[in-house]
Amino acid sequence: MNHLFTPYKIKGLELKNRIIMPPMCQYSVEKKDGIATDWHYLHYVNRAIGGASFIMIEMTDVEPDGRITDYDLGLWSDEQIAPLARIVEACHHYGAKVGIQIAHAGRKAEDAEVPVAPSAIPFDENSKTPRALSIDEVKEMVEKFRKAVQRAVKAGVDAIEIHGAHGYLIHQFHSPLTNKREDEYGKDPSKFGREIVEAAKAEIPENMPLIMRISAKEYVEEGYGINESIKFAKDYQAAGVDMFDVSSGGEGPIGAGGRPGTHAGYQVPLARDIKKALDVPVIAVGRLDDSILANAVIGNGDADLVAVGRGMLRNPHWALEAAATLKKETTVPKQYADGFRR
C-alpha cells in the first residue's frame with residue numbers, strides 16, 4: 001500500500017516521496033523586475049533541505065501586467081532565467097525536484113494600469129475594470145506562455161505547471177461568470193487553455209510532465225461545479241496535460257453559491273473525483289498540514305501527491321517531521337540527524 005513516503009514517478013519525474021511544496025506567492029521582488037532574489041533562493045532551498053520531494057516555484061508571470069502585484073516573479077525576459085536556475089540547481093543538490101507555475105493574473109492584476117481579461121468584467125467593486133482581449137491579443141498571449149515555458153526549461157526545471165485556477169486568466173476564459181465572448185474563445189471556453197497547453201507541450205522535453213492547476217468548483221452564485229470541471233479537464237487532458245493539481249475557488253467574491261470549506265481536507269473529494277473520472281494522476285491540496293491526514297489521502301488512493309502549503313510556511317522541515325510522526329524512513333541531513341533521532 002502506498003503512503004506519504006512511497007517514491008513516485010510520472011514520465012521522467014522521479015520523486016523520493018509524495019510531498020510537494022505548492023506554489024505560494026512571496027511578493028518579494030523588491031526591484032519589481034520579476035527576477036528571483038536571495039529570499040526566493042533561501043525560501044525554496046530550505047524546503048528541499050527539509051525533505052520535500054517536489055518544490056513548485058510560485059506563480060511566475062508571462063508579462064509584467066500579468067502579475068498579481070509588481071512584486072511577483074516573471075519569465076518574460078531572458079534576464080530572469082539565471083536566478084531561477086540557481087534555485088533549481090541548489091534544490092537538486094539537496095534531493096528535491098523543481099517545477100514552476102506559469103501564469104497570467106488577467107483581471108486580478110492589481111498593479112496593471114488596465115488589466116486584461118476575456119470580457120470587461122471587474123473582479124469586484126474595488127477592482128479595476130479590465131479590457132477585453134482581441135482575438136489577435138489572445139493568440140499573442142498564447143505565445144507569451146510559450147516563451148515563458150521555453151525559458152523555464154532553460155532554467156532546468158523538472159516539470160511545468162500551467163495555472164488554470166483561482167480566478168486568473170485561463171480560469172477566466174473557462175468560467176461562464178467571466179467569459180461573455182461571442183467569438184471562438186467564448187463558444188469554446190477551454191480553447192485558450194488548450195492552446196497554451198499545446199504550446200507548452202511543444203517546448204518541453206517529451207519525458208517532462210505537464211501539470212495543470214484547476215479550480216474544480218466555483219463558490220459564487222451560478223458558478224460551475226465538479227461536473228463542468230470534469231468536462232474541461234478532459235479537454236485539457238486530451239491537449240496534453242499529464243497531471244492535475246486540483247484546487248477550487250478564487251473566481252470572485254463569495255456569494256450565494258456556497259462558502260468554501262475551512263475544514264482539513266475539504267478539497268480532497270474534488271481531487272478524487274477528477275482522478276476517477278479521467279483516470280489521471282492528481283495532486284490534492286488544501287489544509288493537509290496534519291501528516292496523518294496527508295498520509296491517509298495517499299493511502300486511500302484519493303490522490304497521487306499531496307501539497308502542503310501553510311504547514312511548510314510554518315515549518316520548512318515539515319516532511320522530516322512527518323516521517324518522524326509516521327515512523328517512516330527518509331533521508332535526514334547529517335547536520336540535523338540528532339534532532340530526528342528516535
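**Helix packing and buried residues in the predicted model**

Helices (DSSP runs of H or I, at least four residues) and strands (runs of E, at least two) are numbered from the N terminus. The structure is a predicted model, in which local features need pLDDT of at least 70 and side-chain atom pairs count only at pLDDT 80 or more, whereas totals for chains, interfaces and linings use all residues. Residues are numbered from 1 along each chain as its sequence is written, and side-chain values use heavy atoms, with hydrogens and water left out.

Within helix 11, the buried residues are Trp-318, Ala-319, Leu-320, Ala-322, Ala-323 and Leu-326. Here, buried denotes under 20% relative accessible area, exposed over 50%, and partly exposed in between, for a 1.4 Å probe and protein chains only. These buried residues of helix 11 pack against strand 3, helix 1, helix 9 and helix 10, where contact means heavy atoms within 4.5 Å. The axes of helix 9 (residues 291–299) and helix 11 come within 10 Å and cross at roughly 80 degrees. Such axes are lines fitted to C-alpha atoms, for helices over the stretch in contact, with angles running from 0 to 180 degrees between N-to-C directions. Helix 9 and helix 11 are therefore roughly perpendicular; angles under 35 degrees count as roughly parallel, over 145 as roughly antiparallel, 65 to 115 as roughly perpendicular, and the rest as oblique. Ser-291, Ile-292, Ala-294 and Asn-295 of helix 9 meet Trp-318, Ala-322, Thr-325 and Leu-326 of helix 11 in this contact.

Helix 1 (residues 38–49) comprises 12 residues and spans 16 Å from its first C-alpha to its last, close to the 16 Å expected at 1.5 Å a residue. The expected span is 1.5 Å times one less than the number of residues in the helix. At the N-terminal end, helix 1 is capped by Thr-37, a side-chain oxygen of which lies 3.2 Å from the backbone nitrogen of Trp-39. A polar contact is a pair of N or O atoms within 3.5 Å; within protein, one atom must be able to donate a hydrogen and the other to accept it, and residues adjacent in sequence count only if both atoms are side-chain atoms. His-40, His-43, Tyr-44, Val-45, Arg-47, Ala-48 and Ile-49 of helix 1 are buried. The packing partners of these buried residues are strand 3 (19–21), strand 4 (54–61), strand 5 (73–74), helix 2 (81–93), helix 10 (310–314) and helix 11 (318–326). Gly-51, with a positive phi near 105 degrees, follows helix 1.

Positive phi values also occur in loops. Lys-32, a residue other than glycine with phi near 60 degrees, is located in the loop between strand 3 and helix 1. Lys-32 is partly exposed, at a relative accessible area of 39%. Arg-287, likewise not a glycine, has a positive phi of about 55 degrees and lies in the loop between strand 12 (282–284) and helix 9. The relative accessible area of Arg-287 is 34%, which means that this residue is partly exposed.

A nonpolar core is a set of buried Ala, Val, Leu, Ile, Met, Phe, Trp, Tyr and Cys residues joined through side-chain atoms within 4.5 Å. The largest such core contains 85 residues, of which Leu-4, Ile-102, Ile-160, Ile-162, Phe-192 and Phe-244 touch the most other members. Helix 3 (residues 135–154) contributes the largest share of this core, 7 residues. A second, separate core of 14 residues includes Phe-54, Met-243, Val-285 and Ala-307.

Beyond residues up to four places away in sequence, Arg-151 touches Leu-75, Trp-76, Ser-77, Asp-78 and Ile-81. Glu-161 belongs to strand 9 (residues 159–164) and is buried, with a relative accessible area of 0%. The side chains of Glu-161 and Gln-101 are joined by a polar contact of 2.8 Å. Residues touched by Glu-161, not counting those up to four places away in sequence, include Pro-23, Met-56, Ile-102, Met-212, Arg-213 and Asp-245.
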